[in-house]
Amino acid sequence: MTIRTPTAALTGDERRPGRAHEILWLVLVGLVVLIWLGPVLWISNISLKTRAEIAVPVPSFIFRPTLENYAAILENPNLVRYAANSLIIASVTTVITIVLASLAAYGLARFTFRGREGLLTWILSLRMMPVIAVVVPFYIMYQRLGLLDTYAGIILAYLPVTLPFAIWLLYSFIRDVPVVLDEAAMLDGCGPWRTFLEIVLPVSLPSVAVTAIFTFIVCWNEFLLALILTANRAKTFAVGMSEFVLSYEVLWGQISAAAMMMLLPLLVIVYLVQRHIVKGMTLGAVR
Amino acid sequence: MARGPGGNWDRFVPFQFLAPGLLVLIAIVVYPTIAIIQNSLYDWNLLVGNRRFVGVQNYASLLADQIFLKSLVRTSIYTAGVVSAELVLGFALALLFNRSFPGLNVLRTLLIAPMLVAPVMVGLTWRFMYEPSIGVLNYLLSVIHLPGLRWISDTATALPSVGLADVWQWTPFVFLILLAGLQSIPESIVEAAVMDGAGARRIIFEMQVPLLSRVILIVVLLRVIDSVKLFDLIYVVTRGGPGNSTYLASFYNYVVGFTQFQMGRASATAFLIMLMISVLTMLLLRVILRGERL
C-alpha cells in the first residue's frame, strides 16, 4: 500500500481514489513524524515550565511559558565554561582533522602505490574501533605525561576517532572529482601540491565543509573519552550535563532547556547537509 | 576509475600527502593497541600502585567471572533485540517515505534529527520520561488504564528501557539508508511488477528486500558494531543498575578500569572487546568492499 502506484495516475478514472489515497498517506506520514518527535515535543514543553508545573505529571499545553530554565542554563558559570571547552576542543580537533585528512585523502585518491588498498582497508577498520579500548591505554599514558584534564590531551585522544572517519569520507568525495581537472592543471605546469591546493581543494570545498560539520558533531557529542580524560579544567558540555542527574534534586526543567538549546542549531545543520548524511554515516558504502 | 596523473610524478610524492596523517594515526592507534596487550598481562591496580607480571591470568579470571560472562550474553541479547527492532521499523518508515511529495524533505529532516543529538542528551530525555511519578510514559499508561511501570529501577524493564531510547535514536539512521537504497531501485522495475499484478507484499519481499540485501547487511553490521560498543546511554540512563542488571560489555570494562582502577584486568577486557569488534568489522569490510574498486 505504500508502493508508488503509477497506474493510479495513468487513467483519469482512477484520479479520485488516487487523491484520497495521497491524503491518507500524508496524514499517516505526519502522524508518524509527530509520534517519533514526541519526546522532543515533550521536552520543549517542559523547558518552558516552572518547577511546580513540571511536578504535575499530566501534560498541559495551556500555561504561561517562562524562559527561566533557559536563563538558568546561560547563567550557570560552570555549564557556560564547559560549553566553551566543548566549543574550543571540537573546533581545534576539527581543524587538525581536516588538514591531515584532506592531505591523506588526496594522496589515497589520486596516486597509485603499493599497499594503497591495504591502507584504505586499515583506515576503514579503525573507524569501528571501540572507544573503551582506546581510553584505558590513553588514561595510563596521560597520567604519566600529565596530559589528563588538558585541552591538548583530549584533542589528541579525539584524533583516532575523527581521522579515520574524515579521511575515508573525504577520500570518497575527492574520488568523485573528475581527474581531468588534475590533468589540465598538470599540463599547465602545476606540481602535485599546487594541483591539490589550487584545483582539487577549492573544488572540494563543499565536501570539506560537510566533513568538517560531521567531525565537529562527533567531537561535540563524544562522551566516554571526555568523561575519563577530563576532570575539571577541560571538562566538556556532555560530561557536565551527565552530572546534572547526580544532584540531590534533578532539575528536569533546566535539562530540557539545555537539550532544546543543543537541538535547534542541529536541525538547521541537518537540513543543510542532509543530502550527504547517508554518505557520511556509512562512509560512502551506501550512496 | 582513472587513477590520476600520478604516473609522471615522483614515487615519493604520495607519501608527502599521506605522511602527516599516517604518522599521527600510527602513534595514537598502534601504540595504545600494543599497550593494551602488554598491560593485560599484568596485575596492576592504580590505587595500590603494584604492577606484577601475571601472564594470561587476567584472561583466565575474566572468563571465569560470572558478571563478565553475563554482560557478554546481555550485550548479545540487547544487540539482537535493538537491531532487529530498528531494522523492521526503519524499513517500514522507508517504505512509507518512498515517494516524492512537496514538503517531504522537511518531514524527513525532522525524523532524522534524533540521530545527531548527543547520546547523553537522549539518555537524559528518556530518563526523564521514565520518571515514575512525573514522567510522561506512566501518565500515558494511566490514560489507557494500565498500571505504571518502574522502568529503569526494575531489573526486568531496565535494559529494555535503555533499548527503547537506543531504538528511538538510531531507527532514523536505518530508515535513511534504506530509503536511499529504495530510491536507487529503478522505478521502471517496480512499475513493471505492478503491471504484472504483483501485490505490495510481493513487491516488498520478492523484489525490494532481495535488491537491497547488500545495503541491509551493511546497515545491520554498522548497528551491531555500535550496539556492542554502547556506553553513553547505559551510563546516563541506568549507570549499570539496578544492581548490575544493565552491565553491557563496555560498561563492565568501564567499571573495572575506572571505578576499581584495575588496569591489567581492564586492558584484558578491552582487548577481548576489541577482538569481538574486529571480527564484526572484518565481516562488514567484506560486504562493503565486495566487488568495489577502491
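The model is predicted: local features need pLDDT of at least 70, side-chain atom pairs count only at pLDDT 80 or more, and totals for chains, interfaces and linings use all residues. Residues are numbered from 1 along each chain as its sequence is written, while chains are lettered from A and ligands numbered from 1 in the order in which they are written. Chain A has 15 helices and zero strands; helices (H or I, at least four residues) and strands (E, at least two) are DSSP runs, numbered from the N terminus.

**Confidence in chain A**

- The mean pLDDT of chain A is 85, and 90% of its residues reach 70 or more; pLDDT is the predictor's confidence in each residue, from 0 to 100.
- The pLDDT is below 50 over residues 1–15 of chain A, a stretch that has 20 contacts in the model beyond near neighbours in sequence.

- Of the 287 residues in chain A, 44% are buried. A residue is buried if 20 or more other C-beta atoms lie within 10 Å of its own, exposed if 12 or fewer, and partly exposed in between, with C-beta atoms placed from the backbone.
- Two residues are in contact if their C-beta atoms, placed from the backbone, lie within 7 Å.
- Taking contacts in chain A between residues at least 6 apart in sequence, 76% join residues at least 24 apart.

**Contact between the chains**

- Chain B puts 87 residues into the contact and chain A puts in 85 residues.
- On the side of chain B that touches chain A, helix H1 (residues 13–39) of chain B gives the most, with 15 residues.
- That side of chain B has 66 nonpolar, 14 polar and seven charged residues. Ala, Val, Leu, Ile, Met, Phe, Trp, Tyr, Cys and Pro count as nonpolar, Asp, Glu, Lys and Arg as charged, and the others, Gly among them, as polar.

**Domains of chain A**

- Chain A is assigned domain 1 (6–67) and domain 2 (69–282); the bounds come from an automatic or database domain assignment.
- Between the C-alpha centres of domain 1 and domain 2 of chain A the distance is 34 Å.
- Their contact takes nine residues from domain 1 of chain A and ten residues from domain 2 of chain A.
- Helix H3 (38–47) and helix H4 (51–54) of chain A are the elements that give two or more residues to the side of domain 1 that touches domain 2. The largest share of that side, five residues, comes from H3(A).
- By class, that side of domain 1 divides into five nonpolar, two polar and two charged residues.
- Pro39(A), Ile43(A), Ile46(A) and Ser47(A) are the buried residues of H3(A). They cover an arc of only 100° around the axis, so they are on the same side of H3(A); the arc is that of the directions from the helix axis to the C-beta atoms.

**Largest nonpolar core**

- A nonpolar core is a set of buried Ala, Val, Leu, Ile, Met, Phe, Trp, Tyr and Cys residues joined through C-beta atoms within 7 Å.
- The largest such core has 160 residues, of which Ala104(A), Ala105(A), Val135(A), Ile167(A), Leu225(A) and Leu178(B) touch the most other members.
- Helix H9 (residues 151–174) of chain A gives the most to this core, with 17 residues.
- Domain 1 and domain 2 of chain A each supply at least three residues to this core.
- Leaving aside neighbours within four places in sequence, Leu225(A) is in contact with Val131(A), Val135(A), Ile154(A), Ala157(A) and Tyr158(A).

**Loops of chain B**

- In the loop between helix H11 (232–237) and helix H12 (249–258) of chain B lies Pro242(B), joined to Gly241(B) by a cis peptide bond with omega about -5°.
- Tyr247(B) is also found in the loop between H11 and H12 of chain B and is buried, with 24 other C-beta atoms within 10 Å.
- Not counting residues up to four places away in sequence, Tyr247(B) touches Ile67(B), Ser71(B), Arg74(B), Gly240(B) and Tyr252(B).
- Trp151(B), in the loop between helix H6 (136–143) and helix H7 (158–184) of chain B, has a positive phi of about 45° although it is not a glycine. Trp151(B) is buried, with 23 other C-beta atoms within 10 Å.
- Phe261(B), in the loop between H12 and helix H13 (263–289) of chain B, has a positive phi near 55°. Phe261(B) is partly exposed, with 16 other C-beta atoms within 10 Å.
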